[in-house]
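Welcome! Here are some exercises to work through with the sequence and the 3D view side by side. Try each task yourself before you read its solution.

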Amino acid sequence: MDQAQNTIAGIGGSNEISTVDDSKEKLNQVINSNQKTLVLLHQLKLTVSSFTPASQLDLLQRLNSLVMELDNMAKLSDKCNIQVPMEVLNLIDDGKNPDEFTKNVLNNSCIARNQVTKGKTDAFKGLRKHLLEELEQTFPNEVDKYREIRACYAAEAKRLAQSQSVLPNGDAKVKSEL
């Protein structure tokens, strides 16, 4: 790549990074606005619960602060492009934890991928078995030698694993100190 292409590539990379940083900054502003709104609502609740005619000015000031913060939050939210699945909103409406949606999505996708992988593994095992059967019919002596070599290799691997204090699943044995 020549110098001009390096410069253009560098600019493209930094623009992507700055866009991500801008998005995070905008999201952080919305989160801060949400937190400020919650604080204002709490203060307003306290003012209303202990209302006296003398605290009317304080109540009006807190109401104005809340309205201004809600307006600020609406302006900030227009800058953020966050898509929330309807299922999450429905879970929240039902009084459930929205993390359940994430958990279900991850579990379902992992299970589906696991099933696909298992299917591929089973297919390869079937292919290996079929190939060995076909090879045994055509080249019986060579297949017997192959099986002897595989058995020797498996025994050597098992012996080596035992000598290195490694469990069959690959974990190392840990000696407990008393």
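**Exercise 1. A threonine and its surroundings**

Is T47 buried or exposed? Find its place and its contacts too.

*Solution.* Before we start, note that this is a predicted model, in which local features need pLDDT of at least 70, side-chain atom pairs count only at pLDDT 80 or more, and totals for chains, interfaces and linings use all residues. Residues are numbered from 1 along each chain as its sequence is written, and side-chain values use heavy atoms, with hydrogens and water left out.

Step 1: Learn the scale. Buried means under 20% relative accessible area, exposed over 50%, and partly exposed in between (1.4 Å probe, protein chains only).

Step 2: Apply the scale. T47 has a relative accessible area of 5%, so T47 is buried.

Step 3: Locate the residue. T47 is found in helix α1. Helices (H or I, at least four residues) and strands (E, at least two) are DSSP runs, numbered from the N terminus.

Step 4: List the contacts, where contact means heavy atoms within 4.5 Å. Not counting residues up to four places away in sequence, T47 touches S55, D58, L59 and R62.

**Exercise 2. The overall layout**

How many helices and strands does the protein have? Describe the chain as a whole as well.

*Solution.* Step 1: Count the elements. There are 5 helices and 0 strands, and from the N terminus on they run α-α-α-α-α.

Step 1: Look at burial. Of the 178 residues in the protein, 10% are buried.

Step 2: Look at the contacts. Taking those between residues at least 6 apart in sequence, 40% join residues at least 24 apart.

**Exercise 3. Salt bridges**

How many salt bridges does a search of the whole structure find? Examine three of them.

*Solution.* Step 1: Recall the idea. Side chains of opposite charge can pair when their charged atoms come close. A salt bridge is a side-chain nitrogen of Lys or Arg within 4 Å of a carboxyl oxygen of Asp or Glu.

Step 1: Count. The search finds 6 salt bridges.

Step 2: Take D58 and R62, whose side chains meet in a salt bridge at 3.8 Å, N to O. Both residues lie in helix α2 (residues 56-79), 4 residues apart, about one turn of the helix. D58 is partly exposed at 29% relative accessibility, and R62 is partly exposed at 24%.

Step 3: Take R147 and E136, with their closest N and O atoms 3.0 Å apart in a salt bridge. R147 lies in helix α5 (residues 140-163) and E136 in helix α4 (residues 99-138), so this pair ties together parts that are 11 residues apart in sequence. R147 is partly exposed at 38%, as is E136 at 33%.

Step 4: Take R159 and E156, a salt bridge with closest N and O atoms 2.5 Å apart. These two are 3 residues apart in helix α5, so about one helical turn separates them.

**Exercise 4. Cysteines**

How many disulfides does a search of the whole structure find?

*Solution.* Step 1: Set the cut-off. A disulfide is a pair of cysteine sulfur atoms within 2.5 Å.

Step 1: Count. The search finds 0 disulfides.

Step 2: C80 is buried, with a relative accessible area of 18%, whereas C152 is exposed at 55%.
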